[in-house]
Protein chains: 2
Amino acid sequence: MIVTALTEMFGLKHPIVLAPMGGVSGGHLAAMVSNAGGLGLVGGGYGNAEWLRTELGRVTAETQRPWGVGLITWAIDPKVLDLALSYRPHAFLLSFGDPRPYAAKIKTAGCKLICQVQDVAQARIAREAGADLIVAEGAEAGGHGGSRATLPLVPAVVDAVDPLPVIASGGIADGRGLAAALALGAHGALIGTRFYATTEALGHESAKRRIVAARAEDTGRTSVFDIVRGYAWPDAIDGRAIRNRFCERWHGREGELTATLETERVAYQAAARDGDCDTAVVWAGEGVDLIHEVESAATLVARIAADAEALLKRSAARIVAT
Amino acid sequence: MIVTALTEMFGLKHPIVLAPMGGVSGGHLAAMVSNAGGLGLVGGGYGNAEWLRTELGRVTAETQRPWGVGLITWAIDPKVLDLALSYRPHAFLLSFGDPRPYAAKIKTAGCKLICQVQDVAQARIAREAGADLIVAEGAEAGGHGGSRATLPLVPAVVDAVDPLPVIASGGIADGRGLAAALALGAHGALIGTRFYATTEALGHESAKRRIVAARAEDTGRTSVFDIVRGYAWPDAIDGRAIRNRFCERWHGREGELTATLETERVAYQAAARDGDCDTAVVWAGEGVDLIHEVESAATLVARIAADAEALLKRSAARIVAT
């Protein structure tokens with residue numbers, strides 16, 4: 001058991017947080033991560049109320065341990081925020097946008113505020129907003145992200161917000177990544193893509209198989225999946241996905257895609273429903289190199305924690321008196 | 001003292017390697033790193049014979065400890081390789097290009113072959129070439145690089161070339177970075193930008209001041225400095241530098257720069273000579289956030305090693321029996 005400010009804040013067994021991957025981190029997966037001793041976060045994404053009712057109902061039914069929920073900050077509808085809070089989550093993660101308008105309501109509800117940031121300036125704003133925890137997310141992460149890499153970003157954020165605890169995110173898929181996160185001064189790791197390839201994750205088996213098969217070089221940053229789905233991300237924020245036929249066809253031709261949206265969207269939606277990953281997006285980070293099979297969340301949490309503990313012990317054992 | 005395959009290979013006190021930064025890692029800096037217990041590598045860059053004679057003469061005069069030299073593989077002139085080997089380096093680092101044509105000569109000279117790679121496929125080629133050590137370099141590094149981030153790249157390379165020892169590079173500037181490298185399964189860290197900001201580094205004081213002042217967001221990848229200097233990098237490889245007036249003016253207008261090269265090159269060369277960093281390049285990685293002053297190499301090596309040891313001990317102490 002690794003004890004950090006994160007594990008103490010929520011009474012966790014392991015400093016492992018399930019990334020609230022929109023539409024992938026459902027209530028069942030979040031509950032299984034929490035039951036395994038981590039912190040499961042339901043991926044509320046853009047805030048679909050019906051989806052949230054289903055998945056938050058599920059997480060509250062399936063775990064007695066602390067859990068949480070995440071929303072994309074710029075897309076927040078205050079009514080959806082109220083809906084999510086009505087399920088009494090222990091943690092609320094906000095990412096991409098200014099958390100300050102929502103911080104007071106979340107904290108007043110007795111919920112810990114976790115702010116995910118992509119650079120040092122955002123980390124300072126999150127601290128000002130009253131964040132209880134900061135997630136420093138590197139550009140190697142799956143899904144939307146900034147431009148800074150995890151390894152140098154984490155210590156820079158730690159220094160900027162000290163003594164506020166920081167969690168590392170981006171490219172972490174095994175015990176080595178968790179051990180490195182702790183060595184960098186973080187109090188745990190937020191892990192996405194690796195949990196996508198679990199039996200409990202929502203989403204098609206075909207998407208999970210792509211993640212297992214992909215190399216890091218098969219991933220790339222693009223806006224084409226946001227354009228076709230009609231999500232207007234601010235500040236040119238794009239996301240890391242496994243390149244597929246749709247991406248090869250439209251990346252670099254975003255104007256043309258926008259011009260033929262009517263046709264393309266219908267086809268895209270059908271592909272997403274059917275799990276046709278030649279067209280539908282599979283968000284994934286550079287950690288895919290380290291993912292070799294679809295497993296249960298409980299197996300994964302236990303192994304990542306055990307491997308990190310063994311690695312930290314082994315690294316410390318390399319130190320000899322001079 | 002941290003004992004790893006790297007320290008055992010060369011009899012080092014610390015698993016810290018000075019990156020062979022072209023024109024910056026001179027013989028004096030390399031010798032001071034080696035004397036402090038790390039491994040100093042002279043930055044031979046494109047292979048200027050006169051510069052190498054001066055700097056290799058200096059390193060052999062100033063240290064009795066193991067040291068090495070690096071060259072850019074695609075630019076190697078066999079006569080320059082022979083020249084460098086005639087100084088009897090203990091280690092030879094090759095980066096950017098196929099090491100296979102040069103590996104036998106280097107190893108026959110009794111010199112350890114270190115291959116720096118930017119992805120997993122290159123790591124396999126380096127192993128095939130007979131590399132004794134592999135440096136996995138993330139895209140957050142200063143100077144030329146690939147597209148993979150350090151944190152997920154290092155364990156992927158470790159898995160691909162096991163049991164060959166791997167050194168981590170890119171974004172490492174303090175003890176936290178070294179501790180993270182070891183946690184990721186590497187046997188040490190190769191550090192560039194942080195050593196640029198030392199009293200012993202070659203290059204202008206103005207460049208060192210820029211590194212101390214810069215934030216990671218001030219760095220970016222570009223080809224404009226290679227174009228103006230006349231270096232034809234293959235495969236669209238560009239490098240990470242601190243953005244300056246020259247970069248703002250020409251990045252994205254590379255065709256126009258090429259068309260006006262005659263005028264621009266004269267002005268650029270004058271700026272480089274005079275240390276005018278509004279025009280001359282200052283290669284620097286995302287680790288600049290962690291660099292706050294110009295220090296001596298010996299101070300730096302000792303502090304990075306001591307901090308890494310303390311961090312690994314502290315991380316291991318977080319583990320409690322369940």
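The side chains of A:Arg148 and B:Glu286 meet in a salt bridge, with N to O at 3.2 Å. By salt bridge I mean a side-chain nitrogen of Lys or Arg within 4 Å of a carboxyl oxygen of Asp or Glu. A:Arg148 sits in the loop between β7 (143-144) and α7 (150-161) of chain A, and B:Glu286 in the loop between α14 (261-274) and α15 of chain B, so this pair joins two chains. Helices here are DSSP runs of H or I with at least four residues, strands are runs of E with at least two, and both are numbered from the N terminus. Both A:Arg148 and B:Glu286 are buried. Buried stands for under 20% relative accessible area, exposed for over 50%, and partly exposed for anything in between, with a 1.4 Å probe and protein chains only.

Before going on, the ground rules. This is a predicted model, in which local features need pLDDT of at least 70 and side-chain atom pairs count only at pLDDT 80 or more, while totals for chains, interfaces and linings use all residues. Residues are numbered from 1 along each chain as its sequence is written, chains are lettered from A and ligands numbered from 1 in the order in which they are written, and side-chain values use heavy atoms, with hydrogens and water left out.

Back to the pair. A:Arg148 and B:Glu286 belong to a network of salt bridges that also links B:Glu217, B:Arg240 and B:Asp289. Also between the chains, B:Arg148 forms a salt bridge with A:Asp289, where the closest N and O atoms are 3.1 Å apart.

How many salt bridges are there between chain B and chain A? The count is eight. Over all chains the total comes to 44. Two examples lie within a single chain. A:Arg253 pairs with A:Glu256, with the closest N and O atoms 2.7 Å apart. A:Arg253 is partly exposed because its relative accessible area is 32%, and A:Glu256 is partly exposed at 44%. In chain B, B:Arg273 pairs with B:Asp274, the closest N and O atoms being 3.7 Å apart. Both B:Arg273 and B:Asp274 are exposed.

Now the interface as a whole. The contact takes 44 residues from chain B and 44 residues from chain A, where contact means heavy atoms within 4.5 Å. About 3800 Å² is buried between the two chains, and carbon and sulfur atoms give 63% of that. Buried area is the accessible area, with a 1.4 Å probe, that two parts lose on being put together, summed over both. B:Leu151, B:Arg176 and B:Arg318 supply 19% of the area that chain B buries against chain A, more than any other three residues.

Between chain B and chain A there are 14 residue pairs in polar contact, both residues at pLDDT 80 or more. A polar contact is a pair of N or O atoms within 3.5 Å; within protein, one must be able to donate a hydrogen and the other to accept it, and residues adjacent in sequence count only if both atoms are side-chain atoms. On the side of chain B that touches chain A, α7 (150-161), α8 (175-183) and α15 each supply at least two residues. The largest share, seven residues, comes from α7(B).

How are the two chains related? A rotation of 180° with 0.0 Å of shift along its axis superposes chain B on chain A, at an RMSD of 0.0 Å. That is the relation of a two-fold axis. In chain B, the C-alpha nearest the axis belongs to B:Ala180, at 2.1 Å from it. The same surface serves both copies, since 100% of the contact residues of chain B recur in chain A. The superposition is by least squares on the C-alpha atoms of residues with pLDDT of at least 70 in both copies.

B:Leu300 is in helix α15 (residues 297-317) of chain B. Is B:Leu300 buried or exposed? B:Leu300 is buried, because its relative accessible area is 0%. Not counting residues up to four places away in sequence, B:Leu300 touches B:Arg194, B:Phe195, B:Thr198 and B:Glu295.

B:Asp132 is placed in the loop between α6 (120-129) and β6 (133-137) of chain B. B:Asp132 is buried, with a relative accessible area of 17%. Its contacts beyond four places in sequence include B:Met9, B:Lys107 and B:Pro165.
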